[in-house]
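Dear colleague,

I am handing over the structure we spoke about, and below it you will find what turned up when I went through it. Please read the notes with the structure open beside them.

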Amino acid sequence: MRIKVRVADPAGNITVFVTTPVEREKYPAIARQLLAREELKGEQVGFIEKTDQGDFRMEMMGGEFCGNASRSFGYLLCQQAGEERQEQEVDVSGSPRPLKVIADRREGTSQIDMPLPKRMELLRTGPEEVFSMVVFDGICHLIVPGKSREKEFVETALEKAREACPCGAWGLMFLENDRMVPAVYVESTDSLVWESSCASGSMAAAVYLSREEKDGIFTYTLRQPGGEICTEVHKKAGEILRCTLGGPVKISEEIEIEL
């Protein structure tokens with residue numbers, strides 16, 4: 001089977017876009033093969049689909065939501081349209097509604113209006129450890145203050161998160177001041193990836209950092225292994241009204257691959 005792909009680099013969170021139409025039931029198997037190819041350096045896979053109306057949408061490998069892939073998808077659409085700067089709404093998996101993306105090819109950046117969190121709750125992972133978990137449609141993120149931890153903690157924390165929030169994808173965001181190390185597990189592909197950056201995890205961290213704030217726009221730049229992601233949380237009377245996230249994006253030429 002031959003497929004065509006484009007490799008997107010949003011702040012180091014390498015996303016492989018499959019541009020060849022394939023049946024959805026084949027997504028997990030194709031994604032596993034692409035992630036195993038060292039030359040692609042992929043951390044996740046998204047599939048570009050064409051709707052009955054002739055528009056394009058993006059479906060992640062496990063049906064999860066991914067902010068970095070979504071803003072890269074918006075950048076790709078801008079590139080294909082031959083525009084230097086384009087504001088549009090993108091239809092992506094894991095989000096109940098289209099999301100606004102502003103892609104700027106002159107600056108090499110893409111900003112997305114992220115889905116609002118459904119809630120933030122406390123999750124006990126051990127006798128003396130309780131962490132905040134930020135729940136979005138399609139993915140949940142546990143915020144763990146401090147440096148990244150050992151395998152045993154990661155496995156236990158992910159299992160607790162899966163029990164508390166059965167949504168298909170879960171992240172552990174190790175947060176130390178403005179530095180963050182993300183690890184994300186996707187159930188359908190049984191893949192745990194220590195990502196170079198994580199957009200939805202960055203948004204979760206920003207929501208957590210602004211938890212005591214009431215009114216205003218609160219900006220956080222999160223430094224991650226692959227680069228920086230800039231986030232904003234807009235609040236009024238303690239309620240989150242808007243979340244945005246942006247940063248650099250690069251997209252390769254189309255590559256044909258034999259699977």
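The loop between β11 (169-176) and β12 holds Asn177, and the phi of Asn177 is near 60 degrees, a positive value in a residue other than glycine. Please keep in mind throughout that this is a predicted model. Most residues other than glycine have a negative phi, which is the reason for pointing this one out. Is Asn177 buried or exposed? With a relative accessible area of 70%, Asn177 lies over the 50% that marks an exposed residue, and therefore counts as exposed.

Ala237 is not a glycine either, and has a positive phi of about 50 degrees; its place is in the loop between β15 (227-236) and β16 (239-248). Its relative accessible area is 68%, so Ala237 too counts as exposed.

Which residues surround Val233, once its neighbours within four places in sequence are left aside? The contacts of Val233 are Met203, Ala206, Val207, Ser210, Gly216, Ile217, Phe218, Ile240 and Arg242. Val193, by contrast, is 40 residues away from Val233 along the chain, and the C-alpha atoms of the two are separated by 26 Å.

Ser93 sits in the loop between β5 and β6 (99-104), and, because its relative accessibility is 3%, Ser93 counts as buried. Leaving aside neighbours within four places in sequence, Ser93 is in contact with Arg57, Met58, Glu59, Met60, Gly63, Glu64 and Phe65. Arg106 is found in the loop between β6 and β7 (109-113), and with a relative accessible area of 56% Arg106 is exposed. When neighbours within four places in sequence are again set aside, the contacts of Arg106 are Glu84 and Arg85. Between the C-alpha atoms of Arg106 and Ser70, which are 36 residues apart along the chain, the separation is 19 Å.

The largest pocket has a volume of about 170 Å³, and it is lined by Asp55, Phe56, Phe73, Leu77, Gln80, Ala81, Gln88, Glu89, Val90, Asp91 and Pro98. Which elements each supply at least two residues of that lining? They are α2 (67-81) and β5 (85-92). Sorted by class, the lining of the largest pocket comes to six nonpolar, two polar and three charged residues.

The largest cavity has a volume of about 120 Å³, and of the 17 residues that line it, Gln44, Glu64, Val184, Val186 and Glu195 are the closest to its centre. Glu64 has already been named here as one of the contacts of Ser93. At least two residues of the lining of the largest cavity come from each of β12 (179-186), β13 (191-194) and α4 (199-209). By class, that lining has 10 nonpolar, four polar and three charged residues.

Lastly, some values for the chain as a whole. The secondary structure of the protein chain comes to four helices and 18 strands, and the C-alpha trace spans about 50 × 40 × 30 Å along its principal axes. How does the radius of gyration fit what a compact globule would have, and what is its value? For a compact globule of 259 residues one would look for a value near 18 Å, and the protein chain has 17 Å, so the two agree. Of the 259 residues, 54% count as buried. Among contacts between residues at least 6 apart in sequence, 55% join residues that are at least 24 apart. The accessible surface of the protein chain comes to about 11900 Å², and 45% of that surface belongs to carbon and sulfur atoms.

With best regards

Note on methods: Residues are numbered from 1 along each chain as its sequence is written. This is a predicted model: local features need pLDDT of at least 70, side-chain atom pairs count only at pLDDT 80 or more; totals for chains, interfaces and linings use all residues. Side-chain values use heavy atoms; hydrogens and water are left out. On a 1 Å grid over the protein atoms alone, a cavity is a set of points where a 1.4 Å probe fits but cannot get out, and a pocket is an open set with protein on both sides within 12 Å along at least five of seven lines; lining residues have an atom within 4 Å of a point. Grid points are joined across faces, edges and corners, and a volume is the space filled by probe spheres set on the points. Ala, Val, Leu, Ile, Met, Phe, Trp, Tyr, Cys and Pro count as nonpolar, Asp, Glu, Lys and Arg as charged, and the others, Gly among them, as polar. Buried means under 20% relative accessible area, exposed over 50%, partly exposed in between (1.4 Å probe, protein chains only). The radius of gyration is taken over C-alpha atoms; the globule rule is 2.2 Å times the number of residues to the power 0.38. Contact means heavy atoms within 4.5 Å. Accessible areas come from the Shrake-Rupley method with a 1.4 Å probe; for residues, only the protein chains shown count as cover.
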